Amino acid sequence: MGRFLLLKLKEAMTSVLPVSLIVIILNFTSLVALTGVELIVFCASTVALIIGIAIFNLGSDLAMTPMGAQIGIGLTKSGRLTMLIGVCFAMGVMVTVAEPDLSVLAEQVSQVIDPTTLIVTVGAGVGLFLVFAILKIVFRKTLSSMLLFSYMMLFALLTLMIINGNDDFIPLSFDSGGVTTGPITVPFIMALGIGIAATLGGKNVEENSFGLIAMCSIGPMLAVTILGISASGEITYTLADYSMETYFGKELITVIWDTAKEVAIALGLIVAFFAILQFTLLKLPRKKLIQIAIGIGMTFFGLVIFLIAVKIGYMPIGYKLGTGLAESSPVVMTVISFILGVVVVLAEPAVHVLNKQVEEITEGTVSKRSMMIALSLGVGLSIGLSVIRIICDFSILYYLIPGYFISLGLSFFVPGLYTAIAFDSGGVASGPLTSSFILPFAVGACYVLQGEANIMSDAFGIVAMVAMTPLITIQSLSFRSVMSKRVSEGRAIRRIIEADDEQIIDFM
């Protein structure tokens with residue numbers, strides 16, 4: 001156990017240090033000036049972040065992934081489709097309702113939509129589309145056709161929203177798809193898909209192992225869009241207090257307690273489902289249960305440490321970076337935001353889970369390194385483009401419509417496995433560090449450049465951009481690989497056809 005923890009600490013250190021080094025370097029320039037207290041708290045939070053990611057990743061390997069896989073295998077081997085659908089829908093709803101990032105999002109629009117209504121509706125959307133994803137595996141349907149139909153329906157509903165004059169809901173609708181696929185749900189849902197595909201996946205077991213996160217990201221978008229069509233009034237955003245002093249004293253204890261409670265509820269729902277299925281269906285041996293119990297404890301403590309470090313150290317610094325860089329030149333701000341995007345995805349805990357599972361399922365065909373490069377470039381591009389949108393003040397649809405058109409178009413020209421991986425990556429890349437560091441960065445920049453009134457329309461949507469660009473970058477890599485292979489095959493065929501007949505040796 002100790003050896004594996006040291007390995008995870010090394011991986012976490014490699015992931016987190018680039019982000020922290022960029023912040024520290026900027027502190028020694030004229031662009032950003034951190035106080036001594038802010039710098040000390042940020043460095044302490046970085047150490048906590050490394051420890052939290054390492055413990056979380058080890059706990060995920062010991063508990064979340066085996067639990068999801070065993071539930072998937074057990075439900076499919078039971079042969080009861082109604083049980084499979086019912087359990088998956090209930091898990092999708094309950095786990096989403098307990099996702100901490102969704103609660104934060106709901107509070108931002110509480111003056112327009114009741115938070116409970118929003119959370120339950122989004123949960124129902126995730127549960128419904130998780131069922132669709134399971135049915136895709138059961139009935140051997142292609143992911144690209146389901147994605148095309150779902151996004152066509154989404155953009156049709158967005159048109160109705162625009163007609164009703166609720167344009168401000170558009171960034172919120174797309175952001176909701178990213179915040180619901182958090183670090184707790186991603187490893188579990190991905191492993192659930194792998195377990196079901198291992199039993200029912202058929203000859204396309206690799207392709208069918210992915211795509212659940214992609215489908216679960218669409219449900220919240222549709223749910224919030226439907227709510228936006230019927231909503232009345234304007235979305236109002238009150239700028240939060242991003243000062244680091246907010247978390248000192250009694251507030252620190254409150255943050256620790258609230259974070260631990262949120263994570264405990266989210267994990268508790270998964271554990272409760274697993275316990276019921278263990279007694280009724282799975283019947284796993286005691287040794288396996290002890291391993292899972294240890295993993296659950298490590299997942300809990302790792303994620304609590306991670307989230308507290310992000311809230312206390314990274315959220316205030318992200319906002320201060322945004323306000324500081326907004327006062328510099330637009331070019332400098334855009335370049336630095338691209339660099340931040342390239343490195344920030346390295347610190348997302350669920351990304352490492354995804355990359356590992358992709359490498360294992362594809363047997364090394366898609367390596368962790370190539371996945372990380374594609375994700376880093378995609379997220380860097382998304383944040384850079386989002387900053388340009390904040391500077392120029394235009395609708396996010398100018399990005400989303402062509403972006404999803406290209407993404408869905410590429411899905412018909414690349415292998416289905418790459419499409420499934422790409423759309424899963426979009427949901428995974430937009431994790432808690434994105435919403436707690438990059439979103440405050442965008443809020444700070446927008447507050448300086450466009451004012452508080454435009455924060456909902458200009459700053460929000462950056463999570464949606466982070467979720468969209470990996471769809472293009474990963475599929476583009478696959479498309480390039482496919483075209484290179486076809487060109488090589490064509491050249492080989494031409495060489496054979498143009499070869500001199502005298503050089504052909506007849507063995508007959």
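Analyst: Happy to. The second largest pocket is lined by 26 residues, and those nearest its centre are Lys8, Glu11, His352, Lys356 and Lys368. Please keep in mind that this is a predicted model. The volume of the second largest pocket is about 700 Å³.

Which helices build this lining? At least two residues each come from α1, α2, α12, α14 (349-361) and α15. Helix α14 gives the largest share, seven residues. Sorted by class, the lining of the second largest pocket holds 11 nonpolar, eight polar and seven charged residues.

Now let's step from the pocket to the helices around it. Ile55 is a handy stop, as this residue sits in helix α2 (residues 36-77), one of the helices that supply the pocket lining. Is Ile55 buried or exposed? Ile55 has a relative accessible area of 18%, and because buried means under 20%, Ile55 counts as buried. Leaving aside residues up to four places away in sequence, Ile55 touches Leu5, Met298, Gly302 and Ile305.

Helix α15 (368-392) is another contributor to the pocket lining, and Ser386 is found in α15. Ser386 is buried, because its relative accessibility is 4%. Its contacts, again not counting residues up to four places away in sequence, are Tyr399, Ile462 and Met465.

A further helix to look at is α13, which covers residues 330-344. Its 15 residues reach 21 Å from the first C-alpha to the last, close to the 21 Å expected at 1.5 Å a residue. The buried residues of α13 are Met333, Thr334, Ile336, Ser337, Leu340, Gly341, Val343 and Val344. An α-helix has 3.6 residues a turn, so residues three or four places apart point the same way. You can follow that idea along the list, which includes Met333, Ser337, Leu340 and Val344. What covers these buried residues? The cover includes α1 (2-27), α12 (286-326), α15 (368-392) and α18 (432-449). Among these, α1, α12 and α15 also supply residues to the lining of the second largest pocket.

A search of the whole structure turns up three cavities of 30 Å³ or more. The largest cavity has a volume of about 80 Å³, and its lining consists of Tyr151, Gly177, Gly178, Ala214, Ser217, Met221, Tyr404, Phe423, Gly426, Gly427, Ala467 and Leu471. Two or more of these residues come from each of α7 (169-179), α10 (212-230), α17 (416-429) and α20 (462-498). The classes here are seven nonpolar, five polar and no charged residues.

The second largest cavity holds about 60 Å³ of space. Around it are Met91, Gly92, Val95, Thr96, Val126, Thr180, Thr181, Thr185, Ile189 and Cys216. Helices α3 (81-97) and α8 (185-200) each give at least two residues to this lining, with the largest share, four residues, coming from α3. The lining of the second largest cavity has five nonpolar, five polar and no charged residues, whereas that of the second largest pocket includes seven charged residues.

Two loop residues are worth a visit as well. Most residues other than glycine have a negative phi, and most peptide bonds are trans. Against that background, Arg140 has a positive phi near 55°, and Arg140 sits in the loop between α5 (115-138) and α6 (143-163). Lys283 also has a positive phi, of about 60°, and its place is in the loop between α11 (250-282) and α12. Lys283 counts as exposed because its relative accessibility is 56%.

Finally, let's set the pocket within the whole chain. The protein chain has 20 helices and zero strands. Its C-alpha trace spans about 85 × 60 × 55 Å along the principal axes. The radius of gyration is 23 Å, which agrees with the value near 23 Å for a compact globule of 508 residues. Buried residues make up 56% of the chain. Of the contacts between residues at least 6 apart in sequence, 86% join residues at least 24 apart.

Technical notes. Residues are numbered from 1 along each chain as its sequence is written. This is a predicted model: local features need pLDDT of at least 70, side-chain atom pairs count only at pLDDT 80 or more; totals for chains, interfaces and linings use all residues. Side-chain values use heavy atoms; hydrogens and water are left out. The expected span of a helix is 1.5 Å times one less than its number of residues. Buried means under 20% relative accessible area, exposed over 50%, partly exposed in between (1.4 Å probe, protein chains only). Contact means heavy atoms within 4.5 Å. On a 1 Å grid over the protein atoms alone, a cavity is a set of points where a 1.4 Å probe fits but cannot get out, and a pocket is an open set with protein on both sides within 12 Å along at least five of seven lines; lining residues have an atom within 4 Å of a point. Grid points are joined across faces, edges and corners, and a volume is the space filled by probe spheres set on the points. Ala, Val, Leu, Ile, Met, Phe, Trp, Tyr, Cys and Pro count as nonpolar, Asp, Glu, Lys and Arg as charged, and the others, Gly among them, as polar. The radius of gyration is taken over C-alpha atoms; the globule rule is 2.2 Å times the number of residues to the power 0.38.
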